[in-house]
Amino acid sequence: MSEGIVHADVKFKKHQKTEGKDGATASTGNDATYSEISIPKAGRNQTSTDTDAGDPDSQKGLKVKPGGYDPVKVVLVTLCFLLMGMVIGLRFLYISNLPTKNTELQILQAAYNRNLTSALMIKNRELQELQVKNKDLQEKERALRQQNEELRKQKTPPSCPTNTGNNDGPQPMNCAEGWEYYGGKCYYFSPDKLTWAQSRDECITRGGHLVIIESIEEQIFLDQKTGTKISTDSEDKFWIGLTDSINENEWLWVDNSSLSTSFWLGDQEPDDWKGENPDGEDCARMGEPNGTIDGKSWLDVICNTTQRRICETKSPL
Ligand SMILES: [Ca+2]
Ligand SMILES: [Ca+2]
Ligand SMILES: [Ca+2]
């Protein structure tokens with residue numbers, strides 16, 4: 001067979017069975033025609049079967065003309081080109097905007113650095129100002145302390161000894177009126193009565209302090225003096241500047257110095273007696289009629305009782 005289109009017609013006869021009276025069957029039929037088109041080709045083997053040679057629309061749109069373009073491929077290639085174009089365009093935009101963004105970033109960084117530097121400079125300046133103020137305050141405090149110390153040294157007790165008119169200068173016994181001299185000190189024996197704390201404060205107001213007894217000589221002087229001033233009332237005595245109100249049995253003078261030499265009366269004192277007050281007795285008083293033989297005349301009593309007091313201050317030598 002030569003190359004070209006082969007067209008063959010095949011006819012099939014449709015049979016129809018009929019049954020006769022004797023049970024025999026017979027068949028009749030109509031003819032049907034089918035066609036096959038075979039296109040031998042160079043590089044292209046395709047066989048198309050036309051099941052209805054009378055339908056011209058069948059197989060339409062699926063066939064590709066020999067030597068033509070596949071529209072699906074054309075669309076895909078076009079889309080690929082468009083996509084590549086978009087990618088290239090976006091990259092170009094990104095690259096073209098990159099220097100601008102870098103410049104903006106550098107500007108922002110520079111502005112931030114300037115602001116930060118400015119803030120640091122302001123804080124440093126404020127710190128320096130505070131340091132200067134602090135230094136000034138420290139100098140003022142030091143000056144005030146020095147001034148206060150000088151005033152304290154120059155302070156003259158209002159009721160303390162003054163020059164009584166001796167043209168040769170102040171004498172050791174020149175105590176103020178109402179004060180009595182002994183051993184370079186002046187002593188005030190009050191006629192009125194106060195609690196121990198009130199007596200401590202009142203002596204300070206007078207320019208002295210509640211008496212601090214530092215030697216047996218001073219104790220004997222005070223023992224004899226109080227012995228001449230008290231009445232027959234056994235409670236008529238004088239406060240001295242000694243207390244154990246902070247820690248029991250730890251006796252301290254009003255200048256917070258510890259007790260070194262004591263002159264307690266008898267063998268029982270101090271007894272911190274709690275018969276009248278559960279807090280006991282934490283303040284010291286002294287005074288026995290006409291004084292004692294050995295000078296031991298101290299007793300501890302309740303601090304809130306009222307007693308006369310002995311104030312002490314230096315004599316203005
Ligand atoms: Ca003294
Ligand atoms: Ca006590
Ligand atoms: Ca006592």
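Helices (H or I, at least four residues) and strands (E, at least two) are DSSP runs, numbered from the N terminus. The views below show a predicted model, in which local features need pLDDT of at least 70, side-chain atom pairs count only at pLDDT 80 or more, and totals for chains, interfaces and linings use all residues. Residues are numbered from 1 along each chain as its sequence is written, and chains are lettered from A and ligands numbered from 1 in the order in which they are written.

**View 1. The whole protein.** The protein has three helices and 13 strands. Of its 317 residues, 19% count as buried (20 or more other C-beta atoms within 10 Å of a residue's own; exposed means 12 or fewer, partly exposed lies in between, and C-beta atoms are placed from the backbone). Take contacts between residues at least 6 apart in sequence: 62% of them join residues at least 24 apart. Two residues are in contact if their C-beta atoms, placed from the backbone, lie within 7 Å.

**View 2. Confidence along the chain.** pLDDT is the predictor's confidence in each residue, from 0 to 100. Its mean for the protein is 80, and 72% of the residues reach 70 or more. Over residues 42–62, pLDDT stays under 50, and the model has 11 contacts beyond four places in sequence for them. Residues 157–171 also have pLDDT below 50; this stretch has 32 contacts in the model beyond near neighbours in sequence.

View 3. In the model, residues 74–94 are 100% helix and 0% strand. The end C-alpha atoms are 30 Å apart.

**View 4. The largest nonpolar core.** A nonpolar core is a set of buried Ala, Val, Leu, Ile, Met, Phe, Trp, Tyr and Cys residues joined through C-beta atoms within 7 Å. The largest one has 29 residues. Y187, V211, I240, I310 and C311 touch the most other members. At least two residues each come from β7 (185–189), α2 (196–205), β9 (238–243), β11 (283–286), β12 (298–301) and β13 (308–314). Beyond its neighbours within four places in sequence, I240 contacts L210, V211, I213, A284, R285, M286 and I310.

**View 5. A284 in its strand.** A284 sits in strand β11. A284 is buried because 29 other C-beta atoms lie within 10 Å. Outside four places in sequence, its contacts are I240, L242, T243, W298 and D300. W264 is 20 residues from A284 in sequence and 9.1 Å away in space, C-alpha to C-alpha.

**View 6. Helix α2.** W196, S199, R200 and C203 are the buried residues shown in α2. They cover an arc of only 105 degrees around the axis, so they lie on the same side of α2. The arc is that of the directions from the helix axis to the C-beta atoms. The buried residues of α2 pack against β8 (209–210), β9, β11 and β13. After α2 comes G207, with a positive phi near 95 degrees.

**View 7. Helix α3.** Helix α3 (residues 216–229) has 14 residues. From first C-alpha to last, α3 reaches 20 Å, close to the 20 Å expected at 1.5 Å a residue (1.5 Å times one less than the number of residues). Its buried residues are E218, Q219, L222, D223 and T226. Their arc around the axis is only 135 degrees, which puts them on the same side of α3. Their cover includes β9, β11 and β13. Exposed E217 and T228 are on the face turned away from the buried side of α3.
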